[in-house]
6 protein chains.
Amino acid sequence: ERDKYETNDVAGVVTGLAWTSVGGDILFIESIISKGKGLSITGNLGKVMKESATIAMEYIRANADEFCISQKLLDEYKVHIHVPEGATPKDGPSAGITMLTSLVSVFTQRKVKSKLAMTGEITLRGKVLPVGGIKEKILAAKRANIKELILCKDNEKDVLEIKDSYLKGLKFHYVSEMKEVIDIALTKQKVKNAKKF
Amino acid sequence: ERDKYETNDVAGVVTGLAWTSVGGDILFIESIISKGKGLSITGNLGKVMKESATIAMEYIRANADEFCISQKLLDEYKVHIHVPEGATPKDGPSAGITMLTSLVSVFTQRKVKSKLAMTGEITLRGKVLPVGGIKEKILAAKRANIKELILCKDNEKDVLEIKDSYLKGLKFHYVSEMKEVIDIALTKQKVKNAKKF
Amino acid sequence: ERDKYETNDVAGVVTGLAWTSVGGDILFIESIISKGKGLSITGNLGKVMKESATIAMEYIRANADEFCISQKLLDEYKVHIHVPEGATPKDGPSAGITMLTSLVSVFTQRKVKSKLAMTGEITLRGKVLPVGGIKEKILAAKRANIKELILCKDNEKDVLEIKDSYLKGLKFHYVSEMKEVIDIALTKQKVKNAKKF
Amino acid sequence: ERDKYETNDVAGVVTGLAWTSVGGDILFIESIISKGKGLSITGNLGKVMKESATIAMEYIRANADEFCISQKLLDEYKVHIHVPEGATPKDGPSAGITMLTSLVSVFTQRKVKSKLAMTGEITLRGKVLPVGGIKEKILAAKRANIKELILCKDNEKDVLEIKDSYLKGLKFHYVSEMKEVIDIALTKQKVKNAKKF
Amino acid sequence: ERDKYETNDVAGVVTGLAWTSVGGDILFIESIISKGKGLSITGNLGKVMKESATIAMEYIRANADEFCISQKLLDEYKVHIHVPEGATPKDGPSAGITMLTSLVSVFTQRKVKSKLAMTGEITLRGKVLPVGGIKEKILAAKRANIKELILCKDNEKDVLEIKDSYLKGLKFHYVSEMKEVIDIALTKQKVKNAKKF
Amino acid sequence: ERDKYETNDVAGVVTGLAWTSVGGDILFIESIISKGKGLSITGNLGKVMKESATIAMEYIRANADEFCISQKLLDEYKVHIHVPEGATPKDGPSAGITMLTSLVSVFTQRKVKSKLAMTGEITLRGKVLPVGGIKEKILAAKRANIKELILCKDNEKDVLEIKDSYLKGLKFHYVSEMKEVIDIALTKQKVKNAKKF
Ligand SMILES: [Ca+2]
Ligand SMILES: [Ca+2]
Ligand SMILES: [Ca+2]
Ligand SMILES: [Ca+2]
Ligand SMILES: [Ca+2]
Ligand SMILES: [Ca+2]
Ligand SMILES: [Ca+2]
Ligand SMILES: [Ca+2]
Ligand SMILES: [Ca+2]
Ligand SMILES: [Ca+2]
Ligand SMILES: [Ca+2]
Ligand SMILES: [Ca+2]
C-alpha cells in the first residue's frame, strides 16, 4: 500500500522517494533530538542507507556555520533518525539529501516546504549525485499528492524521457549542491511550537 | 498455548497483540527502571522489534514535557524492556504503541486501563501507522478476555471486514497520533505502591 | 552422565532442571560477586538463556528493597553467573527462577534450602511462567536425590498427568509470583563464612 | 556511467583511480573534520579499503611534524572519510595514497593540484607500493579529463606496455615515497575559505 | 609433533592436557600481568575455552583472600592468557584448573610444581568437574615426561580402566575442590626473579 | 611478484618470512607509535596473526624492563602494526618474533640489523616455537637478498634437510628464547632521526 504526503507541521520530517521491488513509493525521514551524545538510526535499514545518515550528520558537523547551527547545539544533543515502515527493509544512498534536510530542519526547527519530495545522494564535498529509479519515483510522487521535487541536475535527462502527461502538475528543482537543497526545501519560518535551545 | 489478560497492578506492563504462525495471541510488554544509564531489551526479539523499543525511548526523550516526565528522571534511570515468552522468537514493528505506553507508564507510574490491548507502529513524528494481522489479533484479544482495543485509524477498514458477531463485546479506539494512545491507555491514577522518584 | 544434588554450603548456587536431547537432568546456576561493575555470563549458553540472566539481574535492581538488597551493594559489585558444564550447549528461558534465586542468595548470602530444585520462566512484572519438559525434569530430579520442587502453578496440570509412583518422595511447591520462589527457596540463615559487605 | 574530473575548490577531496568489473573509473576520496575524536569511514567499503584509511590516519599521527600538522589539531578534531558512490561496493589497497593526500589536505587546508589523479598502496615505512589495473585506470583517467597521474615507480613498467597514443596528453609522476606524493599533489596555497584552526 | 614438559622457571606457566583429533598432547597455559585493566585471551581458542579463562579470573576476584591475592593487585593489573600453539584451534572446558593455577601463580609469583600436568573443568562453587579423553591425555603426559597428574576424583574410574603398565612412573592426585588443585600444584616458594608488587 | 629486502633506515620495520600458496615470500612488519592509547592492527590479517600482535605487545608490557622500555612510554603511546600488502590475506603464528622485534625497535628506536629476516612463533613464557614452510621461506629469503636468518632451534632439523647449495651465502641463527631474537636482530645504535620521547 502506497503512502500519501502528510503535513509539514513537525520539524525534522522530510519526504523522500523510494524505488522498491513493487515500484516507487514515498518515504519519510524523521529526526528528533534530545539532550545527550551520539547518532542512532532505525527503520530496518541496510548498511549503505545507514551510512547516508552518518555522512549527513558529519557534513553538518563540519559545516555547521553554513547552516547556522551552533557547535554547542551539536555537542549537547543526540540525534535519532528513523525511517518508517519497520516491516520493509530499505537500503541505498538515494535518501541522502532527504536525511540532510531532515537533520538541518530538526537542528534549526525550520519548517519544511509543503508538498515537496526529493531524492539524491550526498557527498562530503557538498555535491548532489544522481540516483536511479527516477521514473518510478516520480509516478509515486504524483500519486502521493506531491507538487514539487528536488532532483540532481544529472537526473534531468531521466525526467526528459518521461511522457509530459505524467509530469503535469509537478514542479522540478534540479540541483548540484547540497546548499541548494536546503535553500529550496526549508522555509525561513520555524515550525509551530518550535523547540527552544 | 494462548495467554489471558492479567491485571494492571504493575506500572509498565501493557498488553499488545501478536500475529504468529499459529494465529493471533496477546503479548505483554514489560518495562522496569532502576538507577543507572541506558536501555536494555530482552525477549528473543528480532532487529525490527528491538528498533521499536529504541524509537519509543527516543521519542519520549525528545518529547518528555508532553508526557510530564522530567529530564532528570530520564538521565538518572536505566530502562529494561522485556517481552515474555523467551522461547518464542518475535519481530516486527507492531508492538510500537504498546512499548511507548509501557515506557510512559513506568516513568510516570500511571496505571494502565483495565482489559485493554493495542497494536500499531510508531513514528518519530508522532503518528501511529497501521499494521497487519488485524483479524487474527482481534480474535486472540476476545479469547484473552480483552474488552477494549486501540488500533490505527488506517486499520479501521480491516475491522469492518470482520463479521459483527466476532466483534461483540469489544470496544474499538481508532487513533492517528501517539498522544491519543497515551490518553486512552493510561489512567490519571498511579499504581498502588507507585515508585517515588 | 547425570548429576547428583550437592550440598547448599555456598551462597549463590541453586539447582535447576534442564530438558535435553537425552532426557532431563539437573543443572547448577552459580553466581559470585566481587568489587566492580557489570554482569558477565558463561556456560556455553544460548541467547535466550543469557537474556534470563539479564532479566533476573534487572528485576533485582528495580526491586532491590523487596529483597532487602541495598542499592550500594548493587552499585559496587559485579556479578558473574556460570552454568556448568561447559561442553554442553544450553538455552531456553526455564532457568529464570533458578537464576533469580541464585542472585538473591549471593547478594544476601542467605542459604538455599536443602535438596530443592526448580524450573520456571521469569517476567519483569514478577510472575512465574510455565515451562516445558516437566515429566523429564521430574524424573531427573528424583534420580538426583532432590526432595522438593518449585514449579509454576500453570505446570501443575503437567504433574497431574504423571503416574503417582514416579512422584513418591517429592514435595511440590506451585507458585505464581517470583516473590514466592524466594520465600520458599532461601532460608532465613546465612551460609557459613558468609561474605560481609 | 563514468565520472569526470571536478574542480579542486574543496580541501580534502582528491581524485583516485579504481579498477572495477566494468573497466576503470575515477573515484573521489573526501575527508572532512570537525571538533571531536575518532575516525569514521563510509562509502560501502570492504575491509581492506577501510584499513587503508586507518593506515593513512595513523601514519599522519606518527609523522605529524613532517606534514606540518600540529598534535593539537589531531587531538581535537574527528575525521570522516567518504568515498562516493554508495551504491557501488569498493575494496582493495590502491586508494591508499589518495586517502593520505586527502587527509593531509583537510588538516592543512592546502589546495590539491588541478586535474591530478593517483593510485598506489601505502605502508607505515613511508613507501608507496605498486597496484594492479594500471592500463584500465589510465584509460579512465584520460576519459575523465585528468592531465597528471601519480603512480608507484614499480608501476612504470605497466605504463611502458601501453600504446603511446593512449598516453598522449598525460603527465606521469613515478614515486617511491609517500612524501613525494604530498609534494606533488598539494600546492603551497590554501583553498579559498580555508578553515581556521 | 608432540610437546615435551618444560621447566617451571616462569610464574604463570602451567602444563595442561589436551585431547585432539590426533590423540592426546600436553599444552601450556601462560599468563602474564602488567599495569592496566582487563583480561585478554589468545591462542586460537573457541568460545568455551575462552569462557574458562573468564570463570577462573572471576573466581579469583571473588575469592581473592583465599588465595592471598590483594584486591589492590587485582584492580591495578591487567592479565593476558595465552595458549600456544596458534596454528591449532582449541576448545572445551578441560583447561579450567590449568588456567586457575596459571592465574594464581602469576598473581602470587609462586613456583609451579615440577613435572606436573592437570586437566579438569572449574565451577564458581569451587568444585572440580570430570572431563573426557583421560586415557589419551595420560599417554601423552607420559610421552612428555610428566611425573604427576591432577585429575578430578570423578575421573578416577577412567584411570582404573587403563592397563597398569601404561601408568607406571605416574603419580595421580584426585581432587574435588579447586583449593586442592592450588595446594598441590603451587609450591610455597616464589620463582626466581619474582615480580615485586 | 616477490619482494626484495629493503633498507633498515626506519625503526619498527622488520623483515619476516611467509609461506603462501604460491611458495615462500618475504613480508614486512611495520609498527609506528603516536600519542594515545591502544593497539590497532591492519594488513588483511586473520585471527591468529592478529593474536600474534597482541601477544607481542602484552609480552613487552609485562617485561618492559628487560627491553629497557619505560612504563611511561607504554602508557602514553598508541601502536599501529601493519603488514603490507593489503590485497593478500595473511594468517598464522609465524610472524610472532618479527612482530616482537618490530615493536621493540619502534619503542627503543634501535636500528634493525641489515639484510636479516626471521620466522617463529612467540609465547608468553619467552620461548620461540618452530613453524612450518622452512624450505620455501629460505628460498624466498635468498631470492630477496637476505643474508642472515633467525629461526627456532627446533627448526634446525628442517634446514639440515635442504641441499647445501641452496643455503650458500646465508647465515643462520637458531634461538630458543625471545630475548636472543632481540639481541641478534637489533643493533645498539638508534636509527637516524630517531624519535625523542
Ligand atoms: Ca509505504
Ligand atoms: Ca530519497
Ligand atoms: Ca503465548
Ligand atoms: Ca502490539
Ligand atoms: Ca549433567
Ligand atoms: Ca531451571
Ligand atoms: Ca562512477
Ligand atoms: Ca586510488
Ligand atoms: Ca603440540
Ligand atoms: Ca587441561
Ligand atoms: Ca609479495
Ligand atoms: Ca615471519
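Visitor: How far apart are the nearest C-alpha atoms of chain B and chain D?

Guide: A handy way to read a pair of chains is to ask about contact before anything else. This is a predicted model, and in it chain B and chain D do not touch: their nearest C-alpha atoms are 21 Å apart. Chain C and chain F have no contact joining them either, with their closest C-alpha atoms 21 Å apart.

Visitor: And for chains that do touch, how many residues of chain A are in contact with how many of chain B?

Guide: There, 26 residues of chain A are in contact with 19 residues of chain B.

Visitor: What about charges and polar groups? How many salt bridges are there between chain A and chain B?

Guide: Three salt bridges is the count between chain A and chain B. One pair to find on screen is Lys78(A) with Glu58(B), whose closest N and O atoms are 3.1 Å apart. Polar contacts can be counted too: the rule finds 10 residue pairs across the interface of chain A and chain B, both residues at pLDDT 80 or more.

Visitor: Now the ions. Which residues coordinate the calcium ion (ligand 1)?

Guide: The calcium ion (ligand 1) is coordinated by Asp3(A) (OD), Asp25(A) (OD) and Glu85(A) (OE), at 2.4 to 2.5 Å. In sequence these donor residues are spaced D-x21-D-x59-E. Asp3(A) sits in the segment before strand E1 (13–20) of chain A and Asp25(A) in strand E2 (residues 23–35) of chain A, so this pair links distant parts of the chain, 22 residues apart.

Visitor: Is Asp25(A) buried or exposed?

Guide: Buried counts as under 20% relative accessible area. Asp25(A) has 13% relative accessibility, so Asp25(A) counts as buried.

Visitor: Which residues coordinate the calcium ion (ligand 3)?

Guide: Here the donors are Asp3(B) (OD), Asp25(B) (OD) and Glu85(B) (OE), at 2.4 to 2.6 Å. The donor residues of the calcium ion (ligand 3) are spaced D-x21-D-x59-E in sequence. Asp3(B) lies in the segment before strand E1 (13–20) of chain B, and Glu85(B) in the loop between strand E4 (77–82) and helix H3 (96–108) of chain B, so the pair ties together parts that are 82 residues apart in sequence. Glu85(B) counts as partly exposed, at 28% relative accessibility.

Visitor: Back to salt bridges. How many does a search of the whole structure find?

Guide: Over all chains, the search finds 60 salt bridges. For any one of them, ask where its two ends sit. Take Lys113(C) and Glu148(C), with closest N and O atoms 3.0 Å apart. Lys113(C) is in the loop between strand E5 (110–112) and strand E6 (116–118) of chain C and Glu148(C) in strand E9 (residues 148–152) of chain C, so the pair ties together parts that are 35 residues apart in sequence. Lys113(C) counts as partly exposed at 24% relative accessibility, whereas Glu148(C) counts as buried at 13%.

Visitor: Why does the salt bridge of Lys78(F) and Glu58(D) join two chains?

Guide: The side chains of Lys78(F) and Glu58(D) meet at 3.1 Å, N to O. Lys78(F) lies in strand E4 (residues 77–82) of chain F and Glu58(D) in helix H1 (residues 47–62) of chain D, so the pair joins two chains. Lys78(F) counts as buried at 17% relative accessibility, and Glu58(D) counts as buried at 8%.

Terms used:
Residues numbered from 1 in each chain as written. Chains lettered and ligands numbered in written order. Predicted model: local features only at pLDDT ≥ 70, side-chain atom pairs only at ≥ 80, totals over all residues. Heavy atoms only, no water. Donors = N, O, S within 2.8 Å, 3.2 Å for Na, K, Ca; no water. Helix = DSSP H or I, 4+ residues; strand = E, 2+ residues; numbered from the N terminus. Buried < 20%, exposed > 50% of the residue type's maximum accessible area, 1.4 Å probe, protein only. Contact = heavy atoms within 4.5 Å. Salt bridge = Lys/Arg side-chain N within 4 Å of Asp/Glu carboxyl O. Polar contact = N/O pair within 3.5 Å; in protein donor to acceptor, adjacent residues only side chain to side chain.
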